[in-house]
Amino acid sequence: MKHLPIAPALFIHNRKLLADKLAPRSIAIINSNDILPTSADGTMPFRQNADMFWTTGVDQEETILMLFPDAPEPKLREILFLRETSEKILTWEGYKLSKEQAREATGIETIFWTTEFDAVFRRMMAEADNIYLNTNEHIRADVVVETRDARFLDRCKKQFPLHNYKRLAPIMTQLRMVKSEFEVQQLREACRITGLAFRRLLERMQPGMYEFEAEAEFTYTYIRNRSKGHAYDPIFASGANTCILHYIENSRVCEDGTLILIDAGAEYANYNADMTRVIPVNGKFTPRQRQVYEAVLRVHKAAIKMLVPGTRFADYIRAVAELTNKECIGLGLYTAEDVKKQDPENPLYRKYFMHGVSHHLGLNVHDVSSFYTDMKASMVLTVEPGIYIWEEGIGIRIENNVLITETGQEDLMADIPIEADEIEAIMASARLNGVSSNKAEALA
């Protein structure tokens with residue numbers, strides 16, 4: 001791992017929260033994610049199941065957590081199953097957790113190898129009435145491959161058809177939406193690293209750079225600061241690409257007089273930042289670019305102020321839509337008279353602002369959540385309004401990560417440049433002092 005070690009107290013606390021939510025005589029099983037293949041003998045980088053990390057801190061494949069708070073033997077109330085390591089595995093793959101290391105990292109005393117799982121599981125199921133199993137119930141999930149959780153669910157129902165099966169996902173969603181202070185600290189660090197990367201790019205951005213060169217400045221900064229890298233496929237979209245919401249090719253030359261939209265965030269200790277900024281490639285906004293930028297920034301600032309305990313998401317979304325509609329009229333995209341004639345089911349502003357304004361943030365970039373749950377203190381959400389004008393090649397999205405507090409909110413990205421004047425000043429200063437890199441070299 002690149003991040004600093006995490007004290008096991010966090011995971012002990014998290015497991016206690018989960019155990020308290022289980023019905024009497026219940027077992028809960030959480031599986032690690034699979035290592036997914038690419039082709040031939042290749043594999044994708046491993047990313048741990050967020051629920052496994054939240055409850056144990058283990059960032060290793062072939063891991064199973066079994067919770068049985070009412071187990072007759074106290075030592076069997078929390079069990080962690082690990083892949084057994086060996087000299088061969090050490091030689092070919094590197095270090096895996098030993099039992100003693102797992103105890104120290106997780107606070108779980110009872111550690112078995114995964115080869116022992118079946119025997120222990122049968123023994124515990126004989127004493128249980130209910131079993132909580134995990135499925136991916138995220139409303140944006142479109143899972144087309146069979147997961148480790150899905151395979152286990154099928155196997156479990158065939159072997160134990162008469163137990164009561166319960167959903168673990170709703171419990172984990174409610175618990176993970178509200179962040180502990182330690183989790184907030186990890187998110188702060190992810191935001192800090194992201195801010196360093198953005199400042200580095202401001203000092204080096206210039207016409208002639210490729211989008212992927214701008215991306216490389218972020219990647220460099222992330223790795224230098226204990227991040228594994230990008231929290232998600234980053235967007236470095238210049239010119240008309242700024243209007244493509246999920247543009248990830250990052251392959252075009254950034255031309256003089258255009259904008260570049262940066263949607264990127266660092267991962268730190270499996271927690272994720274999610275920032276969007278738009279800057280002028282040559283260091284100076286045109287009057288029209290600044291006009292659109294300032295319009296989105298006004299919506300952004302107003303939306304942040306709405307993130308307070310008790311706010312209903314439906315009311316929040318409606319209010320941001322009204323603000324965006326007003327700004328679109330001010331930008332001359334349509335008139336107030338046009339709004340009176342619009343189809344209520346397809347309002348005019350949706351042509352220029354077609355995505356959501358906020359999502360929860362944490363161990364997943366689009367973290368587990370329910371938008372039917374009112375905002376609460378210790379939730380962390382993005383705020384990302386935008387206006388995209390295809391016919392002008394101007395796409396503006398501004399995104400910060402915001403912690404809801406008992407008395408209001410705290411912008412975790414408040415130190416990252418966002419005002420047009422500040423962005424221009426930093427870029428101008430870098431050019432004056434010769435910090436900017438030379439014009440991108442032609443690729444061989």
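Author: Welcome! A helix axis here is a line fitted to C-alpha atoms over the stretch in contact, and angles run from 0 to 180 degrees between N-to-C directions. Helices (H or I, at least four residues) and strands (E, at least two) are DSSP runs, numbered from the N terminus. The model is predicted, so local features need pLDDT of at least 70 and side-chain atom pairs count only at pLDDT 80 or more, while totals for chains, interfaces and linings use all residues. Residues are numbered from 1 along each chain as its sequence is written, and side-chain values use heavy atoms, with hydrogens and water left out.

Reader: At what angle do the axes of helix H1 and helix H7 cross?

Author: Two packed helices are described by the angle between their axes and the distance between the axes. The axes of H1 (residues 9-21) and H7 (residues 169-177) cross at roughly 135° and come within 11 Å. That makes H1 oblique to H7 (under 35 degrees is roughly parallel, over 145 roughly antiparallel, 65 to 115 roughly perpendicular, and the rest oblique). Leu17, Leu18 and Lys21 of H1 make the contact with Ile171, Met172 and Leu175 of H7, where contact means heavy atoms within 4.5 Å.

Reader: And how do H8 and H9 pack?

Author: Helix H8 (residues 181-204) packs against helix H9 (residues 211-224) at an angle of about 140°, with their axes 9 Å apart. H8 is therefore oblique to H9. Among the residues making this contact are Ile193, Leu196 and Phe198 of H8 and Phe218, Tyr220 and Tyr222 of H9.

Reader: What else does H8 lie across?

Author: H8 lies across strands E10 and E11, running at about 145° to E10. These strands belong to an open sheet of three, in the order E7-E10-E11, with antiparallel pairing; two strands pair if DSSP finds at least two bridges between them. E7 (229-230) and E11 (271-272) are the edge strands, each pairing on one side only. Two bridges join E7 to E10 (residues 266-268), and glycine 229 has glutamate 267 of E10 as its bridge partner.

Reader: How many residues of strand E12 are buried?

Author: In a regular strand the side chains alternate between the two faces of the sheet. In E12 (residues 275-280), six of its six residues are buried, a term for under 20% relative accessible area, with exposed over 50% and partly exposed in between (1.4 Å probe, protein chains only). One side holds Met275, Arg277 and Ile279, and the other Thr276, Val278 and Pro280. Strand E9 (residues 259-264) runs antiparallel to E12 and is joined to E12 by six bridges; isoleucine 262 has arginine 277 as its partner there.
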